[in-house]
Amino acid sequence: MRRLGNTLYITSQGTWLSKEGDCVLVKREDDTKTRVPITAVDGIVCFGRVSISPFLLGHAAESGAIITHLTEYGRFLARIEGPVSGNVRLRRAQYRASDNPATCAALVRAIVAGKVHNQRHVLRRAMRDHGADGGGLLAKGLERLDASLRRLQSDTEADVDGLRGVEGEAAQAYFAAFPALLRGGGFIFAGRRRRPPPDPVNALLSFLYVLLTHDARSALETVGLDSAVGFLHRDRPGRPSLALDLVEEFRAWFADRLALTLINRGQLTLGDFETSESGAVGLSEAARKTVLVAYQERKREEIRHPFTDETMAVGLLWFMQARLMAMHLRGDLDAYPPFLAR
């Protein structure tokens with residue numbers, strides 16, 4: 001099993017990163033310096049105005065560490081990585097599966113089933129742990145999600161477009177119930193909107209989804225898959241479609257639950273969000289640091305994988321799912337087993 005490494009998140013504007021011996025030297029504009037052992041870093045995510053020395057770029061390329069540049073508010077800009085590795089036969093199998101309607105539909109069905117199951121898990125857990133129902137919102141949401149799962153099980157002839165329709169209906173049902181999961185703090189959620197996020201809840205969800213997509217992409221490329229060629233998400237230049245496919249299984253269970261924890265425990269308040277002149281809402285620099293610390297801590301928690309029955313860090317789940325997908329594409333597994341939260 002892969003070791004869970006550390007992703008170095010740089011949020012301070014004007015920071016300079018360089019290689020100093022066996023460390024990454026982090027130098028801020030106020031001349032404060034931090035040294036991080038380079039062997040402990042398997043990825044660097046830079047927010048906004050962050051510069052990196054050529055020597056550190058070269059080391060990252062040679063060691064397989066991926067450097068990602070985002071805007072200050074978390075929108076993806078660019079990604080720097082070394083030579084692409086992986087088994088060419090596995091990638092050929094991936095491309096054939098993506099082009100085969102029946103094989104593609106079977107994978108999409110598994111991914112959507114995992115996503116809907118985990119959305120349902122989040123709503124049921126809220127009802128069980130907090131007695132929440134939001135005036136019937138959770139009960140209605142669960143009823144609609146149950147209907148989506150039944151459709152996935154009964155309509156075995158549905159094509160990819162039909163399965164995408166089920167996924168869209170389930171997402172509408174889930175987010176219609178989402179306001180019932182928010183407890184106090186003045187946070188209001190009127191539906192999922194992302195371009196640009198019009199409110200703090202959407203801004204927080206979008207930020208967490210960006211982080212999760214970065215990790216999913218790294219996991220897929222580590223096992224040799226092409227993150228650009230997906231099944232549920234159509235091919236589009238510059239879009240990591242397979243990474244977005246993998247993220248679907250973890251949006252509700254990992255990202256949404258983390259967002260709810262930060263809001264409901266008061267770790268984030270409305271004052272932690274900023275509104276730009278265009279109306280887009282984003283997190284303040286201090287709030288981003290709060291989210292990043294919580295994100296990393298959550299990844300270090302341990303869980304027993306529902307399919308392999310192995311105990312592992314939560315942050316290794318996407319690597320395990322990437323391995324299972326690769327095994328299925330190689331013919332070692334009859335079907336792809338999505339992550340199903342217990």
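## A buried glutamine

Gln-119 is buried, with a relative accessible area of 3% (buried means under 20% relative accessible area, exposed over 50% and partly exposed in between, with a 1.4 Å probe and protein chains only). The residue belongs to helix H3, which spans residues 101-130; helices are DSSP runs of H or I with at least four residues, strands are runs of E with at least two, and both are numbered from the N terminus.

Leaving aside neighbours within four places in sequence, Gln-119 is in contact with Leu-145, Ala-170, Ala-171, Tyr-174 and Ala-252, where contact means heavy atoms within 4.5 Å. Glu-248 stands 129 residues from Gln-119 along the chain, yet the C-alpha atoms of these two residues are separated by 10.0 Å.

## Basis of the model

This is a predicted model, in which local features need pLDDT of at least 70 and side-chain atom pairs count only at pLDDT 80 or more, while totals for chains, interfaces and linings use all residues. Residues are numbered from 1 along each chain as its sequence is written, and side-chain values use heavy atoms, with hydrogens and water left out.

## The chain as a whole

The protein chain contains 10 helices and 12 strands. For 342 residues, a compact globule would have a radius of gyration near 20 Å, and the value of 20 Å for this chain agrees with that; the radius is taken over C-alpha atoms, and the globule rule is 2.2 Å times the number of residues to the power 0.38. Along the principal axes, the C-alpha atoms fill a box of roughly 60 × 55 × 40 Å.

Of the 342 residues, 54% are buried. Among contacts with a separation of 6 or more, 62% are between residues 24 or more positions apart. The chain exposes about 16,000 Å², of which carbon and sulfur atoms supply 50%; accessible areas come from the Shrake-Rupley method with a 1.4 Å probe, and for residues only the protein chains shown count as cover.

## Strand S2 and its partners

Strand S2 (residues 15-20) pairs with two strands described here, S3 and S6; two strands pair if DSSP finds at least two bridges between them. With S6 (residues 50-52), S2 runs parallel and is joined by three bridges, and Leu-17 stands opposite Ile-52.

With S3 (residues 23-27), the pairing is antiparallel over five bridges, and Glu-20 stands opposite Cys-23. The hairpin of S2 and S3 has two residues between the strands, and there Gly-21 takes a positive phi near 65°.
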